[in-house]
Amino acid sequence: KGNGNYYYVDNQEEANKVLSQAIGGTLYTIAKDVKLQLDFNPQLVDSYRLIGYENRLLRQQDFKNDAKDAGELGAGMSVTALYEVIPKRNAALKTWASVHLRYKKPDEEKSISFSQKIDNQPIMLEKTSIDFRFAAAVAGWGQLLRHSKFKGDFNFQQISELALGAIGNDPDGYRIAFVQLVQQCLKWSAKK
């Protein structure tokens, strides 16, 4: 109810991360009640699903309701939403989807909104950004840990390789720590 953040701090390294590195985003809100809605073009998209955020879903009618509470965004924070999209065969239309965003300034109660169209321009995974590939690895890992029916033949080895290829600038070592965790899962699954 207090729009706070929560962390599990089990060692000195995690305490340092939470209390010194992430504190700015926790204490300084730059946008409140942030809501994101995607409208997929039904002529191009056969089906879709949001990966993660199941506990943050809003009803369609609540998107424009300024009284409906949503997430806060702090200084230096970013949010990634991944969707699995099944396109229709031979769809050649230009607009793939429309993204709608609403948020309130920290000291205001009326939302600001804007929209952006997404064009139908498929990109091969290896051509996507490092951040996208890393997020995809993390999402895939979550699907494996949940034994999701959507995981297909994705495995810990592929996740490890995808994440290793997307370390990029990792000054605090969080990405490499994730890779090490996935590699522990890989070793554990090999023993089974």
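A charge sits over a ring if NZ of Lys or CZ of Arg is within 6 Å of the ring centre and within 35 degrees of the ring normal. In this predicted model, R49 lies over the face of F150, at 3.9 Å from the ring centre. R102 is placed over the face of F63, at 6.0 Å from the ring centre.

The structure is a predicted model, in which local features need pLDDT of at least 70, side-chain atom pairs count only at pLDDT 80 or more, and totals for chains, interfaces and linings use all residues. Residues are numbered from 1 along each chain as its sequence is written, and side-chain values use heavy atoms, with hydrogens and water left out.

The chain holds five helices and six strands. Helices (H or I, at least four residues) and strands (E, at least two) are DSSP runs, numbered from the N terminus. Their order from the N terminus is α-α-β-β-β-β-β-β-α-α-α. The C-alpha atoms fill a box of roughly 50 × 50 × 30 Å, taken along the principal axes. Of the 192 residues, 28% count as buried. Buried means under 20% relative accessible area, exposed over 50%, and partly exposed in between (1.4 Å probe, protein chains only). Contacts (heavy atoms within 4.5 Å) were also examined along the sequence. Among those between residues at least 6 apart, 69% join residues at least 24 apart.

Five aromatic pairs were found in the whole structure. Rings of Phe, Tyr and Trp (its six-membered ring) pair if their centres lie within 6.5 Å; planes under 30 degrees apart count as stacked, over 60 as edge-to-face and the rest as tilted. F40 counts as buried because its relative accessibility is 13%. Y83, at 27%, counts as partly exposed. Another pair is F134 with F178: the centres are 5.4 Å apart and the planes at 70°, so the pair is edge-to-face. F134 is buried at 11% relative accessibility, and F178 is buried at 10%. Ring pairs also link F40, Y48 and Y83 into a cluster.

Helix α3 was then checked for length. The expected span of a helix is 1.5 Å times one less than its number of residues. The 16 residues of α3 should therefore span 22 Å, and the end C-alpha atoms are 23 Å apart, which agrees. Buried residues of α3 include R133, F134, A137 and W141. The buried residues of this helix pack against β2 (45-51), β4, α4 (156-164) and α5. Just after α3, H147 takes a positive phi of about 55°.

A nonpolar core is a set of buried Ala, Val, Leu, Ile, Met, Phe, Trp, Tyr and Cys residues joined through side-chain atoms within 4.5 Å. The largest has 15 residues, of which A137, W141, F156, I159, A163, F178 and V182 touch the most other members. Helices α3, α4 and α5 each supply at least two residues of this core. Helix α3 gives the most, with five. Not counting residues up to four places away in sequence, A137 touches I159, L162, A163 and F178. A second, separate core of six residues includes F40, V45, W96 and A97.
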